[in-house]
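Me: I am new to this structure and would like to learn how to read it step by step. Could we begin with the ligand and then turn to the helices?

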Amino acid sequence: MQHARGDSADLLQLVEGAIAGERDPWANAANAAALVFECVPELNWAGFYFLRGGELVVGPFQGRVACVRIPMGSGVCGTAAARRATLVIPDVHAFPGHIACDAASNSELVVPLLAGDRLVGVLDLDSPRLNRFGADDARLLETLATRLVAACDWKLAGVDGF
Ligand code: SME
């Protein structure tokens, strides 16, 4: 199987192609993380945390080794999860409680994964560049999150509430 390499403009289409016909959340999240990391410029980390046992547990990602468990409400990921809202953080060092997994990270975008009214987890992007993410990035990754959630059977994932 061969996949075209792309940029942000190609991301949604490449993800749709990679997950077509597959309902397994871990498999689809793995390929989505690979494509985000490949297509979105200036990232040092891209991946997923899933809600398991009441906290966020690291899932498929690209980048350096990450913290495994993040309590709801902690750091950027836990705050986005608790608020069920996208967070665009221009300078992570100015975010109270930011969890530094990779010292290279300077800005961050976190998008909650919502299946109806149930929180499945978050999609997290880190960049070494300050102020890397804007409203366009947020919209793109929110669309990706919506499509990924819809494409998967979450009963297969071991996430809370399914
Ligand atoms: N910085 C995140 C932790 C996850 S890593 O960046 C991969 C946070 O504050 O939630």
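Reply: Please keep in mind that this is a predicted model. Around the ligand we find Trp45, Tyr49, Ile70, Gly75, Val76, Cys77, His98, Ile99, Cys101, Glu108, Asp124 and Asp126.

Me: Which polar side-chain or backbone atoms lie close enough to the ligand to count as polar contacts, if the cut-off is 3.5 Å between N or O atoms?

Reply: Taking the nitrogen atoms of the ligand to begin with, one is 2.8 Å from a polar backbone atom of isoleucine 99, and a nitrogen atom is also found 3.0 Å from an N or O atom in the side chain of glutamate 108. On the oxygen side, an oxygen atom of the ligand has a polar side-chain atom of aspartate 124 at 3.4 Å.

Me: Now the helices: at what angle do H1 and H2 pack, and how far apart are their axes?

Reply: Helix H1, residues 11-19, packs against H2 at an angle of about 155 degrees, and the two axes are 9 Å apart. Because angles over 145 degrees count as roughly antiparallel, H1 and H2 are described as roughly antiparallel to each other. Their crossing is right-handed, and the residues that meet are Leu11, Leu14, Val15, Ala18 and Ile19 from H1 with Asn28, Asn31, Ala32, Leu35, Val36 and Cys39 from H2. Sorted by class, this contact holds nine nonpolar residues, two polar ones and no charged ones.

Me: How do H2 and H4 cross, and which residues make the contact?

Reply: The axes of H2 (residues 25-39) and H4 (residues 135-151) come within 11 Å and cross at roughly 160 degrees, which means that H2 is roughly antiparallel to H4. This crossing of H2 and H4 is right-handed, with Asn28, Ala29, Ala32 and Val36 of H2 in contact with Leu141, Leu144, Leu148 and Ala151 of H4. The classes here are seven nonpolar, one polar and no charged residues.

Me: And are H1 and H4 roughly parallel or roughly antiparallel?

Reply: The angle decides this: the axes of H1 and H4 come within 10 Å and cross at roughly 15 degrees, so H1 and H4 are roughly parallel to each other. H1 passes H4 in a right-handed crossing, where Leu11, Leu12, Val15, Glu16 and Ile19 of H1 meet Leu140, Leu141, Thr143, Leu144, Arg147, Leu148 and Ala151 of H4. By class, the contact of H1 with H4 comprises nine nonpolar, one polar and two charged residues.

Note on methods: Residues are numbered from 1 along each chain as its sequence is written. This is a predicted model: local features need pLDDT of at least 70, side-chain atom pairs count only at pLDDT 80 or more; totals for chains, interfaces and linings use all residues. Side-chain values use heavy atoms; hydrogens and water are left out. Axes are lines fitted to C-alpha atoms, for helices over the stretch in contact, and angles run from 0 to 180 degrees between N-to-C directions. Helices (H or I, at least four residues) and strands (E, at least two) are DSSP runs, numbered from the N terminus. Angles under 35 degrees count as roughly parallel, over 145 as roughly antiparallel, 65 to 115 as roughly perpendicular and the rest as oblique. A crossing is left-handed if the near helix is turned anticlockwise from the far one by less than a right angle, and right-handed if clockwise. Contact means heavy atoms within 4.5 Å. Ala, Val, Leu, Ile, Met, Phe, Trp, Tyr, Cys and Pro count as nonpolar, Asp, Glu, Lys and Arg as charged, and the others, Gly among them, as polar. A residue is near a molecule or strand if one of its heavy atoms lies within 4 Å of it. A polar contact is a pair of N or O atoms within 3.5 Å; within protein, one must be able to donate a hydrogen and the other to accept it, and residues adjacent in sequence count only if both atoms are side-chain atoms.
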